[in-house]
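Subject: Structure for your review

Dear colleague,

Please find the structure below, together with its sequence. My findings follow it, and I would be grateful if you could read them with the structure open.

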Amino acid sequence: MAPVTHIDNAQELRKTISAQQHTVVFFHQPWCAHCKKMGPILDATASLVEYKEVKFCEFDLEEQEDVMEEMDISTFPNIILFHQGEKIARTGSREPEAFKTWLSAAMARQETVDTPTDEGTTCTGRYEDRRRNLANLLGGSKPFLDTESGCVFQPTPESNGLQIGRANQGTSYFLITMWNSETEDPNKIFFGLHFMPDPIHKARFESARFWVTFGRDDGEEEHLPLNVLELTPASAADTITASVDDAIDSSSIWSGEEPVRRGTATDIRGQGLHSPTAVWSFVEGTSRGLDASYTLSVVLPTTTRVWMKFWAKAVLIRGDTIPLDLRHKVTLKTGTMEEPYQRILDLSVAMERAEPKS
């Protein structure tokens, strides 16, 4: 199979992605540890016969700020799949099998990143990005679109986890991840809330709220509620947080490693035990903002398919602006109570893995 092609300028990049039916471009930086791990995975995938019609390329973005802006890249590694020059999907660091699963699913759809996903398709972690100045000014507090509404996520040992929501203002953003652990009850679902304010703008996240409602997915429009049996954290005392240095790669998946347990000054409230809706709220304890990452979890009644609807909001403060500036305080939203994000969690593999071996 053809080797991965090196591209080093914007003109060559545009020409390459426009000339191919499918092009995978691996954007990286020399300092990025996850990029070094992802490089060999890309090489191995490019050599597979099933992807013989796909053009694989890599682009070193050191001192390439114009390309980063054009491609809306703020995190690394950043891998984009193009279909005849149009973006189809985007991801970050993945294990080999998970990367192939993501690529095959994304190629099958052949739709742009701003087109909602048909219900029942596999989740890939796509999101709406508003880094452009015009989008920032016009978007304001407008909720971010759910680009994969109704998609299905099936946790496997290889997949680690998935990004299920993301909202940004310029280069500051918050995101939501979800995963299922091999060593835990298969009906224990983990969520990660991650906050990445841009230090250049002296930004911080002041507060956030996350709502999620669970139901049984049985193919009907009405979903029988699944009441939460266990919920963590209920307060700051049992919270797992992480520093900025420990925060996960934001492109699409959880890294597979548990965050470091640290103390937190954040005022945290979790509620919803014995009801189908869990709600967590976070308020900064000082003027230093929220921590970089929080791990949340619920345990649900035994079931193989879980329907979820959820939405979140986070208040971003830009310290380099005055209070009268429209950019000083912005509320970022992933969905709303009226139009929440929706996902299907297929736990069949996790349930089989948990069954006692005869």
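Two strands are said to pair if DSSP finds at least two bridges between them. Please also keep in mind that this is a predicted model.

Strands β17 and β18

Strand β17 covers residues 305–318, and it pairs with β18 in the antiparallel sense over 6 bridges. Strand β18 itself runs through residues 329–334. In a regular strand the side chains alternate between the two faces of the sheet. In β18, the covered face holds V330, L332 and T334, whereas K329, T331 and K333 belong to the uncovered face.

Salt bridges

Side chains of opposite charge can pair when their charged atoms come close. A search of the whole structure finds 12 salt bridges. Among them is the one between K37 and E95, whose closest N and O atoms are 2.7 Å apart. K37 lies in helix α2 (residues 33–46) and E95 in the loop between β5 (86–91) and α4 (96–109), so this pair ties together parts that are 58 residues apart in sequence. K37 is partly exposed, with a relative accessible area of 42%, and E95 is partly exposed as well, at 27%.

K100 forms a salt bridge with E97, and here the closest N and O atoms are 2.9 Å apart. Both residues are in helix α4; because they are 3 residues apart, about one helical turn separates them. E97 counts as partly exposed, at 42% relative accessibility.

In the salt bridge between R204 and E284, the closest N and O atoms are 3.0 Å apart. R204 lies in strand β10, while E284 lies in the loop between β15 (277–283) and β16 (293–299), so the pair ties together parts that are 80 residues apart in sequence. Is E284 buried or exposed? At 14% relative accessibility, E284 counts as buried, because the cut-off for that term is under 20%. Finally, D217, R305 and D346 are linked in a network of salt bridges.

A negative patch

Which residues form the negative surface patch? They are E62, E63, E65 and D66. D66 is placed in helix α3, residues 65–70, and is exposed, with a relative accessible area of 66%. E63 lies in the loop between β3 (54–60) and α3. E63 is also exposed, with a relative accessible area of 75%.

Backbone details

E63 has a further feature: a positive phi of about 60 degrees, although E63 is not a glycine. K202, likewise a residue other than glycine, has a positive phi near 50 degrees. K202 is found in the loop between β9 (188–196) and β10 (203–216), and at 61% relative accessibility K202 counts as exposed.

Where is the cis peptide bond from T232 found to lead? This bond runs from T232 to P233, with omega near -5 degrees. P233 lies in the loop between β12 (230–232) and β13 (240–242).

With kind regards

Terms used:
Residues numbered from 1 in each chain as written. Predicted model: local features only at pLDDT ≥ 70, side-chain atom pairs only at ≥ 80, totals over all residues. Heavy atoms only, no water. Buried < 20%, exposed > 50% of the residue type's maximum accessible area, 1.4 Å probe, protein only. Helix = DSSP H or I, 4+ residues; strand = E, 2+ residues; numbered from the N terminus. Patch = residues over 30% accessible without salt bridge, like charges linked within 9 Å, V, L, I, M, F, W, Y side chains within 5 Å. Areas by Shrake-Rupley, 256 points an atom, 1.4 Å probe, with all protein chains shown as cover. Salt bridge = Lys/Arg side-chain N within 4 Å of Asp/Glu carboxyl O. Lys, Arg positive; Asp, Glu negative; His and termini not counted. Charge placed at Lys NZ, Arg CZ, Asp CG, Glu CD.
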